[in-house]
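Please work through the exercises below with the sequence and the model side by side.

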Amino acid sequence: MSNLLKTGFLLGLGAAVSSKEKVEKYIDDLVSKGRVTPQEADDMYHSLLKKGEETEEKWNTRSKEKVGNFIEDLNLVSKDDYKLLQARVELLEEKLSNLEKQDKDSEIDEDHQ
């Protein structure tokens with residue numbers, strides 16, 4: 001599964017780099033042909049970059065939701081839930097240990113009386 005995610009990430013990264021290069025070339029062509037000023041080209045580039053980042057953020061959010069739903073459908077425990085349960089177990093073990101120690105101390109006190 002991790003190899004699949006890695007492959008997907010690398011494919012996405014490759015597509016993003018390729019698209020960025022195509023956008024830069026297109027904008028450079030527009031400037032060289034005099035269709036836009038360098039300032040307009042810069043504004044256009046930053047606008048497209050911002051839209052790309054927003055789209056990526058939406059995609060990441062949707063992906064996380066889908067993975068979360070998939071994990072939930074499989075009845076798997078999330079890492080956060082696991083950590084919470086682990087902390088609760090450790091706290092309960094500590095309390096149990098303290099109670100056992102108190103119980104032993106009480107027995108010793110009773111034996112000495």
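The model is predicted, so local features need pLDDT of at least 70 and side-chain atom pairs count only at pLDDT 80 or more, while totals for chains, interfaces and linings use all residues. Residues are numbered from 1 along each chain as its sequence is written, and side-chain values use heavy atoms, without hydrogens and water.

**Exercise 1.** Identify the residues of the largest nonpolar core.

Step 1. A nonpolar core is a set of buried Ala, Val, Leu, Ile, Met, Phe, Trp, Tyr and Cys residues joined through side-chain atoms within 4.5 Å. Buried means under 20% relative accessible area, exposed over 50%, and partly exposed in between (1.4 Å probe, protein chains only).

Step 2. The largest such core has 5 residues: Ile27, Leu30, Val36, Ala41 and Tyr45.

**Exercise 2.** Find the salt bridge partner of aspartate 29.

Step 1. A salt bridge requires a side-chain nitrogen of Lys or Arg within 4 Å of a carboxyl oxygen of Asp or Glu.

Step 2. The partner is lysine 25, at 3.6 Å, N to O. Both residues lie in helix 1, 4 residues apart, about one turn of the helix.

**Exercise 3.** Is leucine 76 buried or exposed?

Step 1. Leucine 76 lies in the loop between helix 2 and helix 3 (79-112).

Step 2. Its relative accessible area is 51%, so leucine 76 is exposed.

Technical notes:
Helix = DSSP H or I, 4+ residues; strand = E, 2+ residues; numbered from the N terminus.
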